[in-house]
Amino acid sequence: MSDIASKPLAVAIMGPTASGKTASALAIAARIPSEIISVDSALVYRGMDIGTAKPTRAELAAVPHHLIDIIDPLDSYSVAQFRKATLQLVDDIVARGKLPLLVGGTMLYFKGLADGLDDLPGADPALRAQLEDDAARIGWPAMHARLAALDPETAARLAPADAQRIQRALEICTLAGKPMSELLALRDKTELPFELLPLALEPSDRAVLHQRIERRFDIMLDEAADDNLITETQRLRRRGDLHPGLPSMRCVGYRQAWEYLDGAIDYKTMRETGIIATRQLAKRQLTWLRSMPDRVVVDCLGSDPTAEILAHVANQLG
């Protein structure tokens, strides 16, 4: 790690869903003047609060938060947009004399920030339409198998139902004539204008994390609450301009709730598939984390992970 005297410090708090990232960030901010930059591809959407486990109003008011509620669910948000915004935000936060905390579980955003942007082929509407037609005929798991034959490394980190990313990876393979993973490997390492302390909240027992995920999903579905995931999804559907193919509606939880409201699955199946999808998301997040050799691992199931994170931050600040 380079001399922090020459660069300002920013702290990344990474981890799978339900690992306690928000609580740790708020604990740091309670002791060290900080501002939080969300590194979450779902929290950017307005009107999607329950299914994304968005920080509460009190939490948002306690510490300045950024990159939350910034776009409509009808729109999309890219890694390039995240990187540009984050670089500017870190600069602004440091100028205000505060510590930037980059908090979230969208590992593609962290990677895009640390490694810089790629020079991949742009979108090809005709090819995308063809891929959509193929998927409608044979299904996304079969498209995932097609990707595995062309680019096994990329396919290994994508779920068989991750339509958006499978489509993009197949598009790149076709347009570039080589695997996306190969193109990404050729990308030059970009040096950040700040020192990033990468702290990873990871479970020592995956089964306990799975229990946390199940409890959190059940809280989202709580029918006794004034609002829950189903009523929230109903509001989004009533707009009339959203559909299941949008990145926002593909978010874990909303996809299953939409299918339930369509009558495609019953309530029990919706709950079970939502929990399974969330566990699969956590597994992919942990796979991404293991590919980051410089990260500092903190057991999110330990006796006091927040205290351990604070100690690492304090040590880095000197």
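Tutor: Buried here means under 20% relative accessible area. Keep in mind that this is a predicted model.

Student: Is Tyr 109 buried or exposed?

Tutor: The cut-off for buried is under 20% relative accessible area. Tyr 109 comes out at 5% relative accessibility, so Tyr 109 is buried.

Student: And what is the geometry of the Tyr 77 and Tyr 109 pair?

Tutor: Okay, look at the centres and planes. The ring centres are 6.4 Å apart and the planes sit at 65°. Planes over 60 degrees apart count as edge-to-face, so the Tyr 77 and Tyr 109 pair is edge-to-face.

Student: How many residues apart in sequence are the parts that this pair ties together?

Tutor: Tyr 77 is in the loop between β3 (65-66) and α3 (79-95), while Tyr 109 belongs to helix α4 (residues 107-115). The pair therefore ties together parts that lie 32 residues apart in sequence.

Student: What about the rings of Phe 82 and Tyr 109?

Tutor: Their centres are 4.6 Å apart, with the planes at 20°. Planes under 30 degrees apart count as stacked, so the Phe 82 and Tyr 109 pair is stacked.

Student: Which residues do ring pairs link into a cluster?

Tutor: Tyr 109 pairs with Tyr 77, and Tyr 109 also pairs with Phe 82. That gives a cluster of Tyr 77, Phe 82 and Tyr 109.

Student: Switching to helices, how do α12 and α13 run relative to each other?

Tutor: The axes of α12 (residues 254-262) and α13 (residues 267-290) come within 9 Å and cross at roughly 165°. Angles over 145 count as roughly antiparallel, so α12 and α13 are roughly antiparallel.

Notes: Residues are numbered from 1 along each chain as its sequence is written. This is a predicted model: local features need pLDDT of at least 70, side-chain atom pairs count only at pLDDT 80 or more; totals for chains, interfaces and linings use all residues. Side-chain values use heavy atoms; hydrogens and water are left out. Axes are lines fitted to C-alpha atoms, for helices over the stretch in contact, and angles run from 0 to 180 degrees between N-to-C directions. Helices (H or I, at least four residues) and strands (E, at least two) are DSSP runs, numbered from the N terminus. Angles under 35 degrees count as roughly parallel, over 145 as roughly antiparallel, 65 to 115 as roughly perpendicular and the rest as oblique. Rings of Phe, Tyr and Trp (its six-membered ring) pair if their centres lie within 6.5 Å; planes under 30 degrees apart count as stacked, over 60 as edge-to-face and the rest as tilted. Buried means under 20% relative accessible area, exposed over 50%, partly exposed in between (1.4 Å probe, protein chains only).
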